[in-house]
Amino acid sequence: MKTPISQSWHWQAIDTSRNVAREYNLWIQTDLFGWTVVERRWGRIGSRGQSLTQSFQNKRQAETIAKLIKERRASALKRIGVRYHEVG
């Protein structure tokens, strides 16, 4: 049997002088059927925001998607002018 995984990340990008207050959440976990689920939610802090959930039969595909998402958060300074910081 495959080992279930459960990981999560939470980032925020805040710059009050530019009226930027963004939040991004990412979860990876194994569901009851053995599929690996990648769930993400993003939007302005305090708003409902948007979400997307994807299921992968292959754990490696899910980990690749998570890696790409983390790389995208790391490039925020170049794209939006504010860096995302990981929140505990």
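Reader: Which residues line the largest pocket?

Author: R22, E23, Y24, W42, G43, R44, R72, R73, R79, I80 and Y84 line it. The model is predicted: local features need pLDDT of at least 70, side-chain atom pairs count only at pLDDT 80 or more, and totals for chains, interfaces and linings use all residues. Residues are numbered from 1 along each chain as its sequence is written, and side-chain values use heavy atoms, with hydrogens and water left out.

Reader: What is a pocket, and what is lining?

Author: On a 1 Å grid over the protein atoms alone, a pocket is an open set of points where a 1.4 Å probe fits, with protein on both sides within 12 Å along at least five of seven lines; lining residues have an atom within 4 Å of a point. Here the largest pocket holds about 170 Å³ of space, a volume being the space filled by probe spheres set on the points, which are joined across faces, edges and corners.

Reader: How do the residues of the lining divide into nonpolar, polar and charged?

Author: Asp, Glu, Lys and Arg count as charged; Ala, Val, Leu, Ile, Met, Phe, Trp, Tyr, Cys and Pro as nonpolar; the others, Gly among them, as polar. The lining of the largest pocket has 4 nonpolar, 1 polar and 6 charged residues.

Reader: Which salt bridge does E39 form?

Author: Side chains of opposite charge can pair when their charged atoms come close. A salt bridge is a side-chain nitrogen of Lys or Arg within 4 Å of a carboxyl oxygen of Asp or Glu, and the count comes to 2. E39 forms one with R41, the closest N and O atoms being 2.8 Å apart.

Reader: Is E39 buried or exposed?

Author: Buried means under 20% relative accessible area, exposed over 50%, and partly exposed in between (1.4 Å probe, protein chains only). E39 is buried because its relative accessible area is 18%, whereas R41, at 43%, counts as partly exposed.

Reader: Where do K67 and E71 lie?

Author: Helices (H or I, at least four residues) and strands (E, at least two) are DSSP runs, numbered from the N terminus. Both K67 and E71 lie in helix α1, 4 residues apart, about one turn of the helix. K67 forms a salt bridge with E71, with the closest N and O atoms 4.0 Å apart. K67 is exposed at 51%, and E71 is partly exposed at 43%.
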